[in-house]
Amino acid sequence: MNSITIQDVKLHVVALPLVELLKTSFGAEPYKSAIIVEVVSTDGLVGWGETALKTKPSYGAETILTVLHITRDFLIPRLLGATLESPTELPRLFNSVRGNHHARAGVEAAVWDLLAKANDMRLADYFAVHLPEGNQPRDLATVGVSIGIQDSLDEQIALIGKRVDEGYRRIKLKIAPGWDVEVARAVRDAFPDISLMLDANSAYSLKDAERLKQLDQFDLLMIEQPLSYDDIFEHGQLQPQLKTPICLDESIYSAHDWKIALQLGAGKILNLKPTRVGGFAESLKLYQLCVERGNPLWIGGMLETGIGRAANVAFASLPGVTLPSDISATNRYFDPDIAEPPFVLQEGSFLRVPGGIGIGVEVCRDRIAEAQETWRRYNPFAPLWR
Ligand code: OSB
Ligand code: MG
């Protein structure tokens with residue numbers, strides 16, 4: 001395997017208008033913000049990564065500006081001049097930087113792309129190099145779509161109908177207290193056969209167990225993160241009361257956390273967001289743990305641009321990812337995106353893994369520049385970095 005030496009790291013803070021907002025239990029942001037990481041090697045290769053985060057600490061503790069600070073002041077100085085044989089060396093290089101998973105993940109993703117390119121491989125195949133035999137990617141990722149809270153039941157039903165017509169075979173709805181049982185009932189009445197799941201984004205407490213139990217009647221694939229964003233213990237008390245499997249999202253930051261969750265019976269399914277767990281090295285550990293334990297696994301999304309989406313599609317094409325992932329077609333998110341070509345939903349509810357090396361999509365620098373302008377317009381006082 002070829003190694004690389006890091007010559008330069010550039011950060012591009014971007015904002016893109018969303019084709020459709022995603023309102024969760026903690027609200028909706030009016031545009032998509034992300035930090036695009038560009039890593040350049042001494043032999044002139046370029047790798048791209050993305051931290052797709054919110055501007056508010058509403059999903060987790062990190063925000064675009066904390067990522068900027070940690071990346072610029074602590075991660076980049078450790079990376080410059082480093083010679084790497086594998087991106088799996090990065091967690092050790094960044095060992096002295098506690099937490100800040102999304103920040104570490106953005107830089108790490110760019111190095112994965114760079115090293116895959118240095119070795120003339122597609123990212124999906126390069127992931128498989130880091131796994132035991134029998135984990136060859138499938139060239140496609142099975143996907144669903146995540147739909148936000150709407151202003152009325154009629155609008156909710158209409159939007160689901162539109163997504164089903166587009167070909168999505170798994171629908172995820174955001175719920176919150178007051179927008180839950182009645183919504184699930186209405187949706188089930190309108191679509192008796194769709195594969196349906198709900199995501200509460202931490203909106204409930206154990207006191208709501210009776211209400212959550214009522215959701216069991218709607219034949220849900222799973223309910224995602226009903227309790228606090230930092231809780232594992234109480235999910236372990238809720239799961240035995242529910243027939244619907246609990247899927248953990250917000251509260252799992254590592255393979256270690258998932259082992260605790262399994263031990264406590266806190267959930268049966270993992271939503272693996274590579275950026276939430278600090279990157280693809282930790283994601284590969286979680287992947288292997290889920291394969292060993294027979295846990296259903298899918299890849300979550302943070303409304304990534306085409307850069308983050310391409311890497312997530314590559315990861316979701318690994319055979320241990322057994323459930324549809326939250327990676328929808330480009331036209332659900334952006335028009336246009338900052339990378340080409342767009343991901344197009346295929347018959348059967350899947351996206352194809354790009355054929356090119358690395359992430360396999362072309363980054364459009366003019367669109368990045370435009371998206372940086374959009375960020376500045378929305379955040380005139382935010383500091384910028386190169
Ligand atoms: O909870 O899964 C979530 C987006 C931003 C923050 C949290 C979540 C989400 C999604 C979007 O549900 C999934 C996607 O990228 O399409
Ligand atoms: Mg979620």
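This is a predicted model: local features need pLDDT of at least 70, side-chain atom pairs count only at pLDDT 80 or more; totals for chains, interfaces and linings use all residues.
For the residue classes used in these legends, Ala, Val, Leu, Ile, Met, Phe, Trp, Tyr, Cys and Pro count as nonpolar, Asp, Glu, Lys and Arg as charged, and the others, Gly among them, as polar.

Figure 1. The largest cavity holds about 240 Å³ of space, and its lining is made up of 20 residues, with Leu22, Lys174, Gly301, Met302 and Leu303 lying nearest the centre. Sorted by class, this lining has nine charged, six nonpolar and five polar residues. Both domain 1 (4–121 + 364–385) and domain 2 (128–362) contribute at least three residues each to the lining.

**Figure 2. The shell around ligand 1, which sits in the largest cavity.** Ligand 1 is surrounded by 16 residues, and the closest of these are Asp199, Asn201, Lys273, Leu303 and Tyr333. Eight charged, five nonpolar and three polar residues form the shell, to which domain 1 (4–121 + 364–385) and domain 2 (128–362) each give at least three.

**Figure 3. Contacts between the protein and oxygen atoms of ligand 1.** A polar side-chain atom of Lys273 is placed 2.9 Å from an oxygen atom of ligand 1, while for Lys174 the distance from a polar side-chain atom to a ligand oxygen is 3.0 Å. Met302 takes part through a backbone N or O atom, which lies 3.4 Å from an oxygen atom of ligand 1. Of the 390 Å² of accessible area that ligand 1 has on its own, the protein covers 99%.

**Figure 4. The second largest cavity, with a volume of about 90 Å³.** Among the residues lining this second cavity are Gly49, Glu50, Pro274, Phe280, Glu304 and Asn312.

Terms used: Residues are numbered from 1 along each chain as its sequence is written. Chains are lettered from A and ligands numbered from 1 in the order in which they are written. Side-chain values use heavy atoms; hydrogens and water are left out. A residue is near a molecule or strand if one of its heavy atoms lies within 4 Å of it. A polar contact is a pair of N or O atoms within 3.5 Å; within protein, one must be able to donate a hydrogen and the other to accept it, and residues adjacent in sequence count only if both atoms are side-chain atoms. Accessible areas come from the Shrake-Rupley method with a 1.4 Å probe; for residues, only the protein chains shown count as cover. On a 1 Å grid over the protein atoms alone, a cavity is a set of points where a 1.4 Å probe fits but cannot get out, and a pocket is an open set with protein on both sides within 12 Å along at least five of seven lines; lining residues have an atom within 4 Å of a point. A molecule sits in a cavity or pocket if more than half of its atoms lie within 2 Å of its grid points. Domain bounds come from an automatic or database domain assignment. Grid points are joined across faces, edges and corners, and a volume is the space filled by probe spheres set on the points.
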